[in-house]
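Hi,

Here is the model I promised to pass on. Have a look at it first, and my notes follow below.

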Amino acid sequence: MKSATIKPIHKISSPQLWSDFRPISLTPIISRVLEKIVVRLSIYPLFSQPSTLPLFHDQFAFKPTGSTQSAIISILHHITTLLQTSKYVRLISLDFSKAFDTLRHSTILNKLSTLPVQDIFYNWFVNYFQSHSHSTRFNNHSSLSAQINASVFQGSAVGPPMFLINGIDLKPVHAFNNLDKYADDTYLIVSSDNESTIDDELSAIERWATENNLTLNKSKSTEIIIYPSTVALAKASPVAQLPCIARVTTTKILGVTFGQCLSVSPHVAEVTLRSTQSLYALKILKSHGLDPRSLHLVCQSTLISRLTYASPSWWGLASSEDKAKLQSVLNRAKKWGLCDPAAPQLEKICSKYDSDLFQQVILSPNHTLHYLLPPLKSHPYQMRPRAHERQLTPKGGSLFAKTFIQRMLYKDIY
């Protein structure tokens, strides 16, 4: 049975238009279990095979080692690398309208056929995408069934990796530009030295979108000009704005807000403000008699997780004032008995997150960030054990030295 009944759920309290509803149709659990097995056996190996690994280097979603923090680390690494030799860097956040809802099944299968997938699995995917239909049920009324030849099925295990495969040919036209992706969140990075290539890049992305039944929504896309320092920002001449794309002075990259000099003060201000809500909710739980151990666990999974979200990507860019503001939130939680009094300082927590992630990157050649590491050192003689065996690249500018890979390469090396 490949027929689904869609039940619209309103996005806002008082919906007026059809766009105010979110169509919900979940895949059966038994089907998802089978899908996960097939994906694990057929698709996941593509992320580690030498012949196909480069196709997925710039995509950080739906992969075994992928995450938003890895995507942010890669984006900041590319920006700061370019800033070492450029006056500024353009970061263009691209928005695709309803990207998951409009992908053609035939396009996905054509791209899948170019990859080294066993015939038995490819045939299974062909059968999986055939003969699907859906109807909509609302206010006890059902519509007629309609055939589906596009969209990634919601809640399925096949949908996310198929979305990744659909994007394997979305690459920058010029090798010196960068394109980083997390699912349909796409970031184009172009330095001031390559201004003349922006039109080529955007035109190529629009053509790719059209060929893949997608729409590049320029009205929701934004660009920010990143400078290497506040001094450079103050002295900078006006930069021509791109047509139809809004210019902003702060941008949110996968949940972390950055300023024009990669300051994370806007992010810290937002996090500390939202943390007051978590503190209030924790106080309510305490007043209702929740035992201390459970309260501390809730605090760890809500407040501390919020304070340290994706911290390896931005902690090195935080000023001492930023870190003090975040620590003050944790101090209040301890003072009010909401957090374990023996919990370490945020600096120590984030340092452990840094070390744990770096060890994963160093030890796993298939990690999404492994390609950012410098080459291995070759020693003609036995050396004492060190934190890592990678070549030390020059520290570079102050921003580049504060990025995750650079910080960890120099940490505890001497």
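The part to start with is an open sheet of five strands, ordered S7-S8-S3-S9-S10 with mixed pairing (strands pair if DSSP finds at least two bridges between them; strands are DSSP E runs of at least two residues, helices H or I runs of at least four, both numbered from the N terminus). Strand S7 (178-182) and strand S10 (246-247) sit at the edges, each pairing on one side only. Five bridges join S7 to strand S8 (residues 185-191) in the antiparallel sense, and Leu188 in S8 is the bridge partner of Leu179. Helix H2 (residues 68-83) packs on this sheet, touching S7, S8, strand S3 (89-94) and strand S9 (222-226) (contact is heavy atoms within 4.5 Å). The direction of H2 makes about 165° with that of S7 (axes are lines fitted to C-alpha atoms, for helices over the stretch in contact; angles between N-to-C directions run from 0 to 180 degrees).

Now a helix pair: the axes of helix H1 (residues 29-42) and H5 come within 11 Å and cross at roughly 140°. That makes H1 oblique to H5 (under 35 degrees is roughly parallel, over 145 roughly antiparallel, 65 to 115 roughly perpendicular, the rest oblique). On the H1 side, Leu34, Glu35, Val38, Leu41 and Ser42 meet Phe121, Trp124, Phe125 and Tyr128 of H5.

As for provenance, this is a predicted model, where local features need pLDDT of at least 70, side-chain atom pairs 80 or more, and totals for chains, interfaces and linings use all residues. Residues are numbered from 1 along each chain as its sequence is written, and side-chain values use heavy atoms, leaving out hydrogens and water.

Cheers
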